[in-house]
Amino acid sequence: MRVILQACAAILIYGSFGAAAAQAPQQPVPRETTVERQVQALANRDTQIGIYLNVLPDCTSGPLPTIRLVTPPAAGKVVVKTAKAKATNYKACLALEVPAYVAFYKAPPEFLGDDAMTIEVKYQGGRTEIQKITVKVSGPGGQQKI
């Protein structure tokens with residue numbers, strides 16, 4: 001799958017495409033799931049921490065989810081912007097372009113270390129995803145592997 005966001009640089013696609021994955025008919029779809037993940041960031045730079053969209057089975061956009069910052073980061077700030085997401089070869093969709101929300105994190109210039117936040121993503125139909133995100137903030141050159 002290839003995804004392009006207009007007016008956004010790096011892309012991080014994180015399991016927030018539309019409805020829950022198909023499951024056996026006997027198993028109910030969980031109404032609330034919790035995921036934990038880590039993101040690398042540089043101090044004083046916008047870093048994408050998530051992209052949220054809703055792709056329907058007919059490859060059109062469904063209603064965008066509601067996003068709420070449950071626990072704000074201790075040091076940095078989170079901003080959500082609107083964008084258009086383009087994807088190719090996503091499930092049965094050969095090419096699509098849908099609206100999306102993109103979440104960015106920015107740490108103050110003097111901050112180094114871990115910062116954590118919790119984001120709640122509610123989709124139409126009652127599915128909720130709780131995202132516990134840890135951002136590992138380093139200084140210039142701190143992300144290079146030698």
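# Salt bridges and strands

Visitor: Why is Asp114 called partly exposed in this predicted model?
Guide: Asp114 has a relative accessible area of 47%, and since partly exposed covers what lies between under 20% for buried and over 50% for exposed, Asp114 is called partly exposed.

Visitor: What makes the contact of Lys136 and Asp114 a salt bridge?
Guide: The N to O distance between their side chains is 3.1 Å, and because the cut-off is 4 Å between a Lys or Arg nitrogen and an Asp or Glu carboxyl oxygen, the pair counts as a salt bridge. It links distant parts of the chain, with Lys136 in strand β8 and Asp114 in strand β7, 22 residues apart.

Visitor: How do you know whether Glu120 is buried or exposed?
Guide: The relative accessibility of Glu120 is 12%, and buried means under 20%, so Glu120 counts as buried. Its salt-bridge partner is Arg68, with the closest N and O atoms 3.0 Å apart; Arg68 lies in strand β4 and Glu120 in strand β7, 52 residues apart.

Visitor: Why do β2 and β4 stand at the edges of the sheet?
Guide: The four strands of this open sheet follow the order β2-β8-β7-β4, and β2 and β4 each have a single partner strand, so one side of each is left without a neighbour in the sheet.

Visitor: What makes β4 and β7 paired strands?
Guide: Five bridges join β4 to β7, and because at least two bridges are needed for pairing, the two strands count as paired, running antiparallel.

Definitions and conventions
Residues numbered from 1 in each chain as written. Predicted model: local features only at pLDDT ≥ 70, side-chain atom pairs only at ≥ 80, totals over all residues. Heavy atoms only, no water. Buried < 20%, exposed > 50% of the residue type's maximum accessible area, 1.4 Å probe, protein only.
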